[in-house]
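The exercises below are meant to be worked through with the sequence and the 3D structure at hand. Try each task before reading its solution.

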Amino acid sequence: MQTVKQINLSGHHTIFRLSEDAYDALRQYLEQARLSLRDDPDHEDVLRDLEQSIGEKLTARMRSGEQVINITDVSTVLEQVGPVEGGNSNNLKDIPQGKRRLYRIKEGQNIFGVCQGLAAYSGIRVDWVRTIFIALTGVTGGLFLLVYLALGFLLPVVPTHAEYDAVHKASLNLS
Amino acid sequence: MENTDKFTPLRKGLLEFLILNIVSSRKVYAADILKRLSKTDFATQEGTLYPLLSKMRREGLLDYEWQESDLGPPRKYYKLTDTGHQQLVEFRQYWQFLTNFIQELGENDNANR
C-alpha cells in the first residue's frame, strides 16, 4: 500500500491526494519557484497564480475526485507549467555590493580558502598571509586557529579569483 | 533556422510587447495568452508568464479583475491601463521605425557596392 499525501493548492477548495513521489516532486517545484522569485516583490501573488494553474491542470487530468494523483500526472503538469524565471539568475548579484568585502575563495584553497580571501582582499601574497596565520597560531598556543575556523564559517564564498575580481569591480563602480 | 539561438534574447525582450498587443484587443486570462502564443516562435509557459504579468502590473501597464470560472477557482482577467495603451502605441511606432531603418541600411549598403 503506497503512502498518500494531501496538499492544498491556492484557490482550490478540494484537497489534492498525491502519491508520495508525486507530492515530493510538487513540493520541490514550488520551493524552487519560491527561491527563484525571492527578489520579486509580488512573489506571494505569483506563487498563488502558479499553484492555482497547477491545480487546474491536475483537476483536468483526474477522472474522479477520489483518484490519487501519481508522479506521471505531476511531471506532465509541471513540464507544461515550466521552470519559474525570476528576475535574476546570477548568483553573484545576490552578494551585497557597495564596499570591498572579504570572501573565502575556493580556487587554490588549502583548507577553507580563508587565506586566499584575505590575500585577495589585502593585496598581500597568499604565502605571507599563511605564514602570518601559522605564526599567530603558534604564538597564541593554537587559539588563533579558532579565528580561522570562525572566518571559515562566517565568510561568504566565491569559487574563483576571477569571480572575486568581478564582484570587487562591480562594488568599486557602485561606490 | 540556424541562428535561432542568437534570436533568443530578442524574442525574450519582445514577449512583453506581444503581451501588450494581445491584452489590448480584449480582456484575457493567462491561459488565453499562452494559447495565442503557443504555435508561434514566442511559445511560453506559466513559469515565465506569471512573473512577467506580475511585473507589468507593478509597472502600471496592466490591471486585472477576478472573474468566476465554471471549471475551477476564479480567474484573473487582464486588461491594459492607459499607461499600457500608451506604451503599446510607442512600441508600435518604434517597431515601425526599426523596420524602416533596417530596410534602409540594407538598401544603402547595396547601393554603395
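The confidence score pLDDT is the predictor's confidence in each residue, from 0 to 100. The model is predicted, so local features need pLDDT of at least 70 and side-chain atom pairs count only at pLDDT 80 or more, while totals for chains, interfaces and linings use all residues. Residues are numbered from 1 along each chain as its sequence is written, chains are lettered from A and ligands numbered from 1 in the order in which they are written, and side-chain values use heavy atoms, with hydrogens and water left out.

**Exercise 1. Find what pLDDT chain A averages, and where in chain A the pLDDT is below 50.**

Solution. Begin with the chain as a whole: chain A averages a pLDDT of 82, and 85% of its residues score at least 70. Then look along the chain, where the pLDDT is below 50 over residues 88-98 of chain A. Beyond near neighbours in sequence, this stretch has 20 contacts in the model, a contact being heavy atoms within 4.5 Å.

**Exercise 2. Determine how many residues the largest nonpolar core has, and what B:L53 touches.**

Solution. A nonpolar core is a set of buried Ala, Val, Leu, Ile, Met, Phe, Trp, Tyr and Cys residues joined through side-chain atoms within 4.5 Å. Buried means under 20% relative accessible area, exposed over 50%, and partly exposed in between (1.4 Å probe, protein chains only). The largest core has 44 residues, and those with the most contacts inside it include A:L18, A:I54, B:I19, B:I33 and B:L53. Leaving aside residues up to four places away in sequence, B:L53 touches B:I19, B:A30, B:I33, B:L62 and B:Y78. A second, separate core of 10 residues includes A:V114, A:V129, A:L151 and A:L155.

**Exercise 3. Decide whether the pair of A:F112 and A:F153 is stacked, edge-to-face or tilted.**

Solution. Rings of Phe, Tyr and Trp (its six-membered ring) pair if their centres lie within 6.5 Å; planes under 30 degrees apart count as stacked, over 60 as edge-to-face and the rest as tilted. The search of the whole structure finds 11 aromatic pairs over all chains. The ring centres of A:F112 and A:F153 are 6.1 Å apart and their planes stand at 55 degrees, so this pair is tilted. A:F112 counts as partly exposed because its relative accessibility is 25%, whereas A:F153, at 67%, counts as exposed. By contrast, A:F133 and A:Y148 form an edge-to-face pair, with 5.6 Å from centre to centre and 90 degrees between the planes. A:F133 is buried at 10% relative accessible area, and A:Y148 is buried at 9%. Ring pairs link A:F112, A:F133, A:F144, A:Y148 and A:F153 into a cluster.
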